[in-house]
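Please keep the sequence and the structure in view while reading.

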Amino acid sequence: MTTMLRWPRTLFARLALILFVGLAAAHAMSYWLIINERREATTGLMLGYLEQDVASSVALLDHLPASERAAWLPKLARRTYDFSLRRGDAGHAPDSELSQRIAASFVKAIGKQYPVTASAVPGHPNRVQAHVTLSDGALLTIDMRPAGLPIPPWLPAVLMLQLGLLALVTWYGVRLATRPLARLADAANRLGPDLKAAPVAESGPLEVARAARAFNAMQQRIADHLDERTQILAAISHDLQTPITRMRMRADMLDDDLQREKMNRDLVEMEMLVRDGVAYARTLHGTSEAPRSVDPDSLLESLVGDYLDAGHTIQLHGKAGAPLVTRPHALRRVLGNLIDNALKYAGSAELHVGAEDGRLTIRVRDHGPGIPDAELDNVMQPFYRLEASRNRDTGGTGLGLAIARQLAQAIDATLSLRNHPDGGLEASLALPAGQR
């Protein structure tokens with residue numbers, strides 16, 4: 001019961017529900033008021049006609065000979081009441097509002113000239129019988145059975161049509177009002193991986209248009225800031241090449257082989273750190289590569305073939321079996337970083353490809369020592385390494401997984417890590433169904 005009455009979570013559903021319920025309630029109230037007014041008017045007409053018609057009918061029957069009265073009874077009968085020359089049913093005092101009004105009308109119309117009493121018939125809340133004594137002492141019973149308000153057969157269909165029209169107008173109005181907000185939300189979701197996305201349309205209600213303009217300005221400022229930062233890093237990287245080259249030349253002139261080897265290794269680490277830092281900064285922009293349809297099976301076979309040609313141990317299991325709309329170079333780089341990570345710490349890698357929950361999932365697994373569960377999220381942070389004491393040959397710069405995660409976001413994919421139950425680390429890259 002709690003689930004059935006749960007408040008909708010989306011703004012569209014909430015506004016649609018509020019508007020439709022409010023309009024339907026107002027529609028129902030209007031219908032109720034109109035029906036009540038019509039019922040009251042009909043009752044007033046019925047009672048007014050009753051007073052005139054019954055009075056004349058009783059007077060007519062009173063002036064007829066007793067032998068002719070029975071023949072006139074069917075002629076004087078109406079849809080809601082009839083006459084009989086007998087004692088009526090034993091009843092009780094009228095207790096409903098309508099029965100009391102009918103009884104009062106009988107007394108008002110007939111009581112001035114003839115003795116009359118009125119009683120309600122048991123089992124019928126508004127059925128009233130008037131008991132009249134004519135001039136010759138004969139008994140006359142008037143049986144009043146008020147009919148309900150007649151409802152045309154087409155009225156229910158018209159009411160349903162009106163409710164359907166209310167629902168349609170509500171849906172269209174709410175959709176028109178919330179569509180700009182949906183576009184703004186989509187643009188906000190794209191803001192992280194793609195700062196070069198098209199600006200949001202500055203249309204719709206005034207408040208939404210102002211929010212869209214502010215969002216576009218914010219997106220441009222962020223893009224300019226990151227462009228500037230990347231240019232600074234690229235300039236630093238370029239300028240560092242010259243002193244690093246001079247230092248390498250001087251290192252080669254050292255007579256001490258051990259010191260020369262250490263210095264060259266430090267210089268290689270410096271070059272790697274600068275290069276990876278610039279690469280990570282550039283991934284914050286996403287990628288300028290345009291999405292296109294590719295054959296993921298061919299891409300994976302080519303990638304695995306390159307590693308096999310280089311003498312690495314790598315296996316490919318499963319097939320995608322369907323084209324994929326994505327940025328192929330970014331996807332290849334993500335997988336390359338994951339495979340490099342597996343080869344670095346385990347010496348081999350396995351790729352498992354398949355469809356799961358309507359998404360293409362590519363799993364890269366190794367048989368290494370794995371990562372403590374508490375560190376699975378941390379290792380995808382930039383410059384984070386599990387062991388600060390490990391040198392660059394084993395620990396790298398701490399940017400490989402961070403770059404992979406940034407590029408995964410740029411292609412609208414989800415990257416996650418887990419320790420495989422049978423040992424080793426498994427990285428899962430899931431591409432959404434909308435890209436297949």
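The sections below treat the cavities, then the helix contact, then the strands.

**Cavities**

The model is a predicted one. Rolling a probe the size of a water molecule over the atoms shows where empty space is left. Across the whole structure, the search returns 2 cavities of 30 Å³ or more. They are set out in the table.

| Cavity | Volume | Lining by class |
|---|---|---|
| Largest | about 50 Å³ | 6 nonpolar, 1 polar and 2 charged residues |

Which residues line the largest cavity? The lining consists of Leu338, Asn341, Ala342, Val364, Arg365, Asp366, Leu401, Leu425 and Ala427. Three elements each supply at least two residues of this lining, namely helix H8 (328–346), strand S9 (359–365) and strand S11 (425–431). Helix H8 makes the greatest contribution to the lining of the largest cavity, with 3 residues.

The second largest cavity is lined by Asp297, Leu300, Glu301, Leu316, Gly318 and Lys319. Here helix H7 (residues 296–309) gives the most, with 3 residues.

**Helix contact**

Two packed helices are described by the angle between their axes and the distance between the axes. For helix H1 (residues 11–63) and helix H3 (residues 97–110), the axes come within 9 Å and cross at roughly 30°. The crossing of H1 and H3 is right-handed.

On the H1 side, the contact is formed by Glu40, Thr43, Leu47, Leu50, Glu51, Val54, Ala55 and Val58. These residues meet Leu98, Arg101, Ile102, Ser105, Phe106, Lys108, Ala109 and Ile110 of H3. By class, the residues of the contact of H1 with H3 comprise 10 nonpolar, 2 polar and 4 charged.

**Strand pairing**

In which sense do strands S2 and S3 pair, parallel or antiparallel? Strand S2 (residues 116–120) and strand S3 (residues 128–133) are antiparallel, and their pairing extends over 5 bridges. Within S3, His131 stands opposite Thr117.

Strand S3 also pairs with strand S4 (residues 139–144), again in the antiparallel sense, over 6 bridges. Ala130 stands opposite Ile142 in S4. The hairpin of S3 and S4 has 5 residues between the strands, and in this hairpin Gly137 takes a positive phi near 90°.

Note on methods. Residues are numbered from 1 along each chain as its sequence is written. This is a predicted model: local features need pLDDT of at least 70, side-chain atom pairs count only at pLDDT 80 or more; totals for chains, interfaces and linings use all residues. Side-chain values use heavy atoms; hydrogens and water are left out. On a 1 Å grid over the protein atoms alone, a cavity is a set of points where a 1.4 Å probe fits but cannot get out, and a pocket is an open set with protein on both sides within 12 Å along at least five of seven lines; lining residues have an atom within 4 Å of a point. Grid points are joined across faces, edges and corners, and a volume is the space filled by probe spheres set on the points. Helices (H or I, at least four residues) and strands (E, at least two) are DSSP runs, numbered from the N terminus. Ala, Val, Leu, Ile, Met, Phe, Trp, Tyr, Cys and Pro count as nonpolar, Asp, Glu, Lys and Arg as charged, and the others, Gly among them, as polar. Axes are lines fitted to C-alpha atoms, for helices over the stretch in contact, and angles run from 0 to 180 degrees between N-to-C directions. A crossing is left-handed if the near helix is turned anticlockwise from the far one by less than a right angle, and right-handed if clockwise. Contact means heavy atoms within 4.5 Å. Two strands pair if DSSP finds at least two bridges between them.
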